[in-house]
Amino acid sequence: MACASAGAQDSGPVRLFPLPAARPQPALPPALGPVLPGPEGVEIRALGGIDLDAAGLLTPATGGLAPSLWQGLTRPQALALLDSLAVGVPSPALTALARRVLLTSAAPPPLEAEGASGALIARRADLLFRLGLHGDVATLLGAVSPMALGGVPLQRFLDALLLQGRVDDACATVVAATSATPPRLNAETATHAQRVRVLCQVRAGESEAAALGMAMLRETGAADEAFLVLAERIGKLADGRLRRKVTLDPVTIALFREASEPFPRDAVPARPEPWLARAVALSAPALPAQRLAAAEWAVATGALGPDALAFLYADMPLPGGPPAGVVVTPADTPEARAALTQSLRSGQAALASGAVTLLDPTLAGATAGPDPAVAAPSLAIALAGLRARDGATYLAFVRALGPTVAQWPARADLIDAAPEVARALYAAGERVRAQGWVRLIDSATLERPDLMAARDALLALDRVGSQTLGLASLLPLDPTPLTPALEGERQRLEQAARQRRQGEVALRTLVVLGQAGGPSRAPLGLLASVAQSLEAVDLADVARDLITEALAVRG
């Protein structure tokens with residue numbers, strides 16, 4: 001590749017990358033980030049009094065799947081597939097696909113003779129909530145009247161409103177739900193609504209009513225210590241202290257926020273479900289280190305946008321204040337990554353145009369904190385180590401850091417750092433910027449043959465972004481045998497692809513890659529089968545995102 005023919009030299013410079021081919025992209029709704037309201041630009045389909053399970057926010061024109069989403073499935077089969085979906089898989093691409101499936105407006109499978117409408121939308125709303133897509137839950141259920149559905153949908157609607165900070169809306173909803181005549185809430189939902197109502201009463205200064213509500217919850221054993229202590233403190237009824245380990249739920253989180261108190265250190269597990277990771281990351285009273293760790297995992301699982309993580313990295317208080325130079329420590333902690341991020345952003349050292357040869361002229365004169373001659377080698381060491389240890393956190397980190405690193409020019413004096421910098425840019429979606437670094441590597445391979453393997457791996461990543469079909473061919477051969485469970489799921493996936501059942505292929509992709517731990521951990525042979533199946537039902541864009549995640553981590 002580095003050697004061009006004489007004829008080619010006569011006709012001008014050789015293009016290492018072809019011009020990007022125009023290809024249709026699905027018009028996906030805005031990516032979820034730190035903004036709390038629900039998504040804009042979605043289409044809420046009126047139900048017309050038909051089947052509640054048909055409700056959705058997305059159509060093919062707005063990023064949804066085909067209206068034949070449930071084709072070939074009975075309603076019990078559809079529910080069983082939804083119940084098989086893993087939550088907390090470290091893959092934003094899988095979460096984005098799950099979002100498209102769960103929000104698509106589509107005619108559901110026929111009802112069984114004794115069945116009732118509502119079970120499918122209840123499962124979908126529950127999964128959306130657990131995935132951390134709280135704005136979508138509130139918008140979807142708000143369009144179909146959660147009080148009419150009751151049960152889990154009403155609980156999830158209230159939870160989503162609370163975690164979005166829409167406490168007044170949750171209070172209005174719970175008043176309407178508990179005032180209905182005759183009562184329409186089952187025992188579990190009535191208890192949940194009572195807990196929300198106590199929250200609303202202590203916020204409004206209705207201490208006597210709140211005390212009565214708490215007494216009723218005590219009698220039924222439905223009030224844990226954290227709920228009671230926080231509600232009494234906010235309502236100025238008592239000033240108790242937490243003595244037992246706290247289990248966080250949406251109502252308790254809302255009480256901690258209302259009291260402006262941090263969560264106990266042991267209340268948040270290292271890798272919580274995405275809904276909890278997102279909630280902690282967006283809770284201002286939370287301890288900074290706890291909030292940052294939750295944000296990393298929320299971004300890794302697709303529950304939060306990388307811009308929120310970038311903000312929290314920059315906002316993390318560090319001992320001694322902001323670093324004066326580039327900071328790389330052996331510590332594998334969110335705080336260490338925050339220190340590195342802040343050091344890369346500190347200062348405004350101009351990149352001297354003319355002093356070095358810029359392989360990407362569009363970056364001449366850009367600024368990016370410290371001199372990349374110091375920053376890039378340090379960052380490359382940190383990225384290589386993190387990628388080897390923890391691919392999920394690596395992807396979250398580089399996506400948050402991408403806009404900063406994208407400002408750096410591909411310079412010849414940075415050649416040793418170039419492979420890791422380029423890989424990070426591809427993972428962050430900065431393909432055009434990454435290409436400048438690949439050109440730098442390619443130009444150096446005559447004198448540095450040790451860079452050829454890195455160049456070839458990066459070119460495969462680049463082709464993922466431009467190739468429209470046959471994406472599986474970009475994956476290295478992998479003879480790893482599948483477990484019987486994964487092999488069975490793979491066969492069912494390929495059968496659905498042969499029958500061109502788009503919805504079932506999407507669902508079975510979520511199931512099989514969830515069982516495999518996500519695209520970055522799945523056997524590459526399985527990932528190839530997934531890519532081929534997705535392409536067969538016009539979901540090549542999904543295959544592209546999954547393969548990009550896998551190749552960015554594996555190298």
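**Aromatic pairs and a buried helix**

Modeller: Searching the whole structure turns up 3 aromatic pairs. This is a predicted model, where local features need pLDDT of at least 70, side-chain atom pairs count only at pLDDT 80 or more, and totals for chains, interfaces and linings use all residues. Residues are numbered from 1 along each chain as its sequence is written, and side-chain values use heavy atoms, with hydrogens and water left out.

Colleague: What makes F256 and F263 a pair, and why is it called edge-to-face?

Modeller: Rings of Phe, Tyr and Trp (its six-membered ring) pair if their centres lie within 6.5 Å; planes under 30 degrees apart are stacked, over 60 edge-to-face, the rest tilted. Here the centres are 5.3 Å apart and the planes at 75 degrees, so F256 and F263 are edge-to-face.

Colleague: What about Y313 and F397?

Modeller: Edge-to-face too, with 5.7 Å centre to centre and 90 degrees between the planes. Y313 sits in α15 and F397 in α18, 84 residues apart; helices are DSSP runs (H or I, at least four residues), numbered from the N terminus.

Colleague: Why is Y313 called buried?

Modeller: Buried means under 20% relative accessible area, exposed over 50%, partly exposed in between (1.4 Å probe, protein chains only). Y313 has 1%, so it counts as buried, and F397 is buried at 2%.

Colleague: How do you know that α3 is largely enclosed?

Modeller: Because 10 of its 12 residues are buried, among them L94 and R99.

Colleague: And what span should α3 have?

Modeller: The expected span is 1.5 Å times one less than the number of residues. For the 12 residues of α3 that gives 16 Å, and the end C-alpha atoms are 16 Å apart, so the two agree.

Conventions:
Helices (H or I, at least four residues) and strands (E, at least two) are DSSP runs, numbered from the N terminus.
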